[in-house]
Amino acid sequence: MAPEELAEVAASTSRHARAFVATVAEVASGRAVDAAIPLLLLATSDLLAAGARLGAMVDVVPDERFEPDCDADLDLDPLRTALARVLDGLDGYVEVVDPVLGPETGQASLSADLATVADALTQGIAHDDAGDHVEALWWWQFSYLSSWGERASSALRMLQLLLAHLRLDVDDDVAAEAEYDALQP
């Protein structure tokens with residue numbers, strides 16, 4: 001891939017990564033509790049579109065064969081705890097651990113998934129902020145394939161299912177009344 005194409009992908013990924021981290025932090029702050037699920041759904045799906053591009057392209061290989069220290073050690077506990085508080089009652093879920101290898105299930109949580117993704121993205125953002133855009137792109141691609149892509153995909157599925165349940169699981173009387181109101185001129 002040409003250097004200018006890599007720069008464009010790095011800039012695009014940086015925008016998506018920063019938007020995701022900002023949205024997760026905003027939701028975790030508790031200021032958008034009523035919109036938490038839709039906001040997280042949008043941010044996660046946008047991020048996964050950027051991640052899919054990283055997964056589909058040829059491996060990015062930085063000039064240096066070691067990752068420079070970028071001082072991006074994010075303490076995940078406050079973010080995860082704040083997200084768990086906002087998502088109370090909706091946080092935990094069961095997932096198939098690796099459907100390619102078998103049907104084994106395990107416990108997961110949206111708060112842990114979203115915090116893990118934010119942590120991986122923040123590492124790349126630190127490289128990007130330091131001006132090492134190829135290293136940032138390498139990190140985002142590597143961590144997409146090794147961790148955050150899977151966690152974000154699981155979170156996206158759960159967020160979409162939660163939204164569907166929140167919107168569609170209503171009393172028959174409420175649904176009938178809404179249908180009646182919708183059909184009135």
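How near do the axes of helix α1 and helix α4 come, and at what angle do they cross? In this predicted model, the axes of α1, residues 3-28, and α4, residues 110-129, come within 9 Å and cross at roughly 135°.

The residues that make the contact can be located on both helices. On the α1 side they are S14, A17, R18, F20 and V21. On the α4 side they are L114, V117, A118, L121, T122, I125, D128 and D129. Sorted by class, the contact of α1 with α4 comprises eight nonpolar, two polar and three charged residues.

The largest pocket has a volume of about 230 Å³. Two elements, β1 (92-96) and α5 (133-168), each give two or more residues to its lining. Of these, α5 provides the largest share, namely six residues. The lining includes Y93, V94, E95, V96, V97 and P99, together with E150, S153, S154, R157, M158 and L161.

What is the division of the lining of the largest pocket into nonpolar, polar and charged residues? Seven of the lining residues are nonpolar, two are polar and three are charged.

Conventions. Residues numbered from 1 in each chain as written. Predicted model: local features only at pLDDT ≥ 70, side-chain atom pairs only at ≥ 80, totals over all residues. Heavy atoms only, no water. 1 Å grid on protein atoms, 1.4 Å probe; cavity = no way out; pocket = protein on both sides within 12 Å on 5 of 7 lines; lining within 4 Å. Points joined across faces, edges and corners; volume = space filled by probe spheres on them. Helix = DSSP H or I, 4+ residues; strand = E, 2+ residues; numbered from the N terminus. Nonpolar A, V, L, I, M, F, W, Y, C, P; charged D, E, K, R; others polar. Axes fitted to C-alpha atoms, helices over the stretch in contact; angles between N-to-C directions. Contact = heavy atoms within 4.5 Å.
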